[in-house]
Each structure stands twice: as C-alpha cells, then as structure tokens.
Amino acid sequence: MTHFDEILLKRDAETARILSRQIQENENPDQGAFVEMGGHIDSRHCGFFLSHLCVSYVIRQSKFYHDAQVKTAIQYALNYLFRHQRPSGCLDLTPCNFDSAPDTAFTMNAMMNAWWLLEKDESAESEWLKAPMKRLIESCSEGVMNGGFHTPNHRWAISACLKHAARICGREDFSRKADVYLGEGLDIDENGEFAERSTGTYNAVNDDQMIRLYLATGDKTYLEAAKSNLLMMLSYIDPDGSVFTNNSTRQDYGKKVYLESYYMLFLLTGYLLRDEKLAAYSEYCWETAAAHDHMPRGIEWLALYPDLEEFGKRVKPDLSKIEHQKRLFDKSNIARMRKGDFSCTVMAGRPNFLYFQHGENTLYLVIYGNVCDKRNFVPTSITEIENGFRVSSKVDSWYYKPFQGDGPATNDWWAMDNANTREKLIADKLTTTVDVSLVEDGVDMRIKTEGLDGVPMRLEWGFLPGNTLRNENFVLTTVPGGSITAAGGKLQAENERGEVLTLNPAFASHFVQNRMGGAYPQSGEHFTVYFAAYTPFEKVIHIGTQPVFGMKL
C-alpha cells in the first residue's frame, strides 16, 4: 500500500466524521456549520472542514468523489461561511482572534489546495463548485488584504494567500499588498531558525508558507529558506523520533511532537528543488511518526503531483545527520548533542537548562539556589568547549541603600523607581559554571560554584513517572509529583522499554527544602530527585545510558 493509499484511507474515515458533525436542519441559524467537541462552532474551523470536503469531492480515488452527500454538505458550508463572514470578509478564530486576517489567510490557503485540484477536474460534476469557491476566496482575501497581523508567521500566510488569490481572482491589488509584507524580509537566520523558535508548530507553518510563496512567485528564495529550516530541524530530533520543544517560544513548548507534519515539507521542498537527498528525509519522518501512530497528512499535494511520493523514495536518508549532532545555535541560546540513541540539550536563559534523553526515557535538570531576588541558576551565556558546551551565570548578593540628600520624591514605596534609582550595596557574588561534555555512553557534567559561601543549592532532576529507580540502598517506582533526596551512591532509572538513565555520584550535605516565590516549580508530572550541597563546591556527575546494577536486587 502506498502512502497515498494509507493517508486516503484514514482521510475518508475523517470525512465521514466531519459529515456527521454538520448542522443541516433548516430552522437552525447555524445551518451548515460543523460542531466541534464541547458544542463549539468556529467560522475559521468551519472553513478548514469545508476545504477538507472539497478535496474529498474532487480526488478521484476517494470514496467520496462526486458524492451527493458531500455536495450537499459543501453547499451548506459555503452558505454558512458567506453568512458568518465579518463585514470585512474575514473569519473568526473565536478562542482569541476576531475578524482575523491571518486566520482567514490560513483557511484560504487550505482552500487553495482544493481549488488547484478543482482546476484539474474537468468533469461536469465539479463545475458547479468553481464559482462559489472563487467568490469565497475573493471575499475572504479582501479582508486579508485590508487586515493586520499579530505574529511573525502571520505575514507569510497572508502573503501566500494574497499572491495565489491574485491569480485566481485577477486582483493585482492583492499581489501588491503581499509585496508590502514580503518587503519586510524573511525572519530566518543563518542557522535556519525562524524568529518564533517553534520546532513543534510554527517551523512547519513557516515552511508550508515558503512553499506556497514559491509556487505563487517562482522565486526559489522561499524554497531555500524552507530547506535551511528543514536541515536545521535534523538537529532537533530526539532518539524516539520526537522533536525537542522545550526551547519553543510558542504554545508547543514542552509538548511531545512527532514528525508527521514534516513528512510533506521535506518531500515537497526536495521535489520542487529536485533535491533527492532532502526529499529522502520524508521517509524517515513517515516511519518515525507511524511508529507512534501519527499519520502524516497532505493528500492534496500527492494528488497534485502524481510522481511526488516516489521522488522521496529514490535515495535513502542520511541518518548520520540526525543521529550524530553537536551544534550550537548561539542566537537561540541552545546547544544540541546527539550520539545514536541518546541526546542532550543545554540552554541559556532558562532554569530548566539541561535535558537528557535515552530512547523515550527523559530527565531534566533545574538548580535551585536562592540569592536575594534570584531563585534558580539561569545561565546567561552558552559557549562551545571541547566535546561539549559551557553555561554560566553570576548573581549578586545585594542590598538597597537609603536615598541620600533630599530623599525620594514620594513616600509611596511602589511609586519609587527603586531598581533604577537606589544605590545598591553588593555584598558578594555567586558564580556558577556548568560544563557538559559528550562521552561514550552519555555526558559528564562538571558544576562549579565560586564566591558566596554557605548557599544551600539543590540539583532537581526530573524523571518521567513509571521508571524503576534504584541505588545501592533503595528501589522505588517514580510517581508524578513525588520526590526523594539521594545522599550518595549511584542512581539508575529504567523504563518499561528497558531504556536506562544513570546519575553518578549522588550527594547531599543538607535537606533544605524551601522554595520561594518565583522559583521554577517542582513538576507535578515528574518524579524529582534532589542532590544538595552548600556553596562553594565542585562536582562531576556522569549522566549515562548503561546499567550500573544487575537484574537482581
């Protein structure tokens, strides 16, 4: 069975579910809308459901090709959208964006896929759909042209929509407005990272818009931008085939995301550039996503380009570019290392600054150390060292001094600009440096604190629940929200798949458990292991992937 067949099989089942969610009663003011979970109706989402049905209606291989029920549903949905457009022509994303040009653009970009398939369908049964679909595209694009945006990626969705709508509708004003947005320049750096730093969601969104902009303009600059980002994404793939998202600046932060959305992006970008090596990574995306029951989408593209799927299978992907990594993204304050079945991520600017993953088993590290207004070690810099990376920070132990002379202009404490006007007494400084270096079966982490003495610091290791955690003196099952302080010895955490994480050596010279306001919270979803020491100290901790204990207790 081809990928096309697999996607279509699942998509036809989804089509049936969408049909079952449409309101068709004549007396209902929401006739034609599709009801989401919780009984909610959203005009933007209705537009996506309409696009889905239109694609099903014009793909010859679909069991819903020219289906009478689908035709009726499309007619109802079109009428609903015409009735529920804002006066501008825009649609609503009701959780947050109303009369929204960018959300309307995303919806219309989905409609473009249906339009391109409709253009290729010369049968009489599809002719009726062209006029109302064109009317919807033009009226919505009016709103897109005259509206605004919120986030960087919105600009490219708007531009792609307007460029394609210009050709479909014969509207040069659409194209001219797109040129205004495109004149701002693409927000992608030399490392291939877009401004929003969103590996789980908006990288894929941006790459999709780059492809659409190329198709509209013929300018390969957009394809090269997508290629640059996709090659960068090879550095963000963890051993279980998921994408590292703990540095995202958007809503995908910390979420478990697999590669299904990248299948079509690697395939299309490679195909349009005639780059077989790039397209070959689409097969890796397919296989790793399918292994976790995630099915890629994109039947529209496979239908538009009949030789597309086979193009991605011409050569084998170079997995060494995924499985062997040591790369610093200095503008994003993140370093990624991977060696086969384990990966390590080090970040500046975040209290959860280190993540280590073996297969599907993951831990993270936060260091609590309260010095005046600072609660955690938050690295302010990240640099490359031999075999790894260094992060460090320096915090002041300080006190305000009284105003001199006439004193403050007000006795209202909250109206005083204390942070910028009061002199501070710097009593001492605490410098923390962490070096993380690749070794054969993991990493060695050297942590050194200097300066201010007597600070009770706590290393907080977050383990996934369901692990068997043991050392020389205890065995337990990790549970969400649980914790333990390990005063010595070696630690081994093993999940049900037999994937092991080890820490060696553990240490604890205190049991201070305070957590002041503003500190990084102890996770309610992880099991926390504490190591503890007073400053100053220097420790080397090995994070490994090989068992240190046998099967027997």
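The largest cavity holds about 40 Å³ of space. The structure, a predicted model, has 1 cavity of 30 Å³ or more. A cavity is a set of points, on a 1 Å grid over the protein atoms alone, where a 1.4 Å probe fits but cannot get out. Volume is the space filled by probe spheres set on the points. Lining residues have an atom within 4 Å of a point. Here they are Tyr364, Val366, Glu460, Trp461, Gly462, Tyr520, Pro521, Gln522 and Thr528. β13 gives the most, with 3 residues.

The second largest pocket holds about 570 Å³. A pocket is an open set with protein on both sides within 12 Å along at least five of seven lines. Of its 29 lining residues, Asn246, Gly254, Tyr355, Thr362 and His526 are closest to the centre. β5 (342–347), β6 (352–358) and β7 (361–371) each give two or more residues to this lining.

Helices α2 (residues 43–58) and α4 (residues 101–120) have axes that come within 9 Å and cross at roughly 10°. Axes are lines fitted to C-alpha atoms over the stretch in contact, with angles from 0 to 180 degrees between N-to-C directions. The two helices are therefore roughly parallel (under 35 degrees). Contact means heavy atoms within 4.5 Å. Among the residues in contact are Phe48 and Leu50 of α2 and Phe106 and Met111 of α4. Helices (H or I, at least four residues) and strands (E, at least two) are DSSP runs, numbered from the N terminus.

Residues are numbered from 1 along each chain as its sequence is written. Local features need pLDDT of at least 70 and side-chain atom pairs pLDDT 80 or more, while totals for chains, interfaces and linings use all residues; side-chain values use heavy atoms, without hydrogens and water.

Notes. Parallel < 35°, antiparallel > 145°, perpendicular 65-115°, else oblique.
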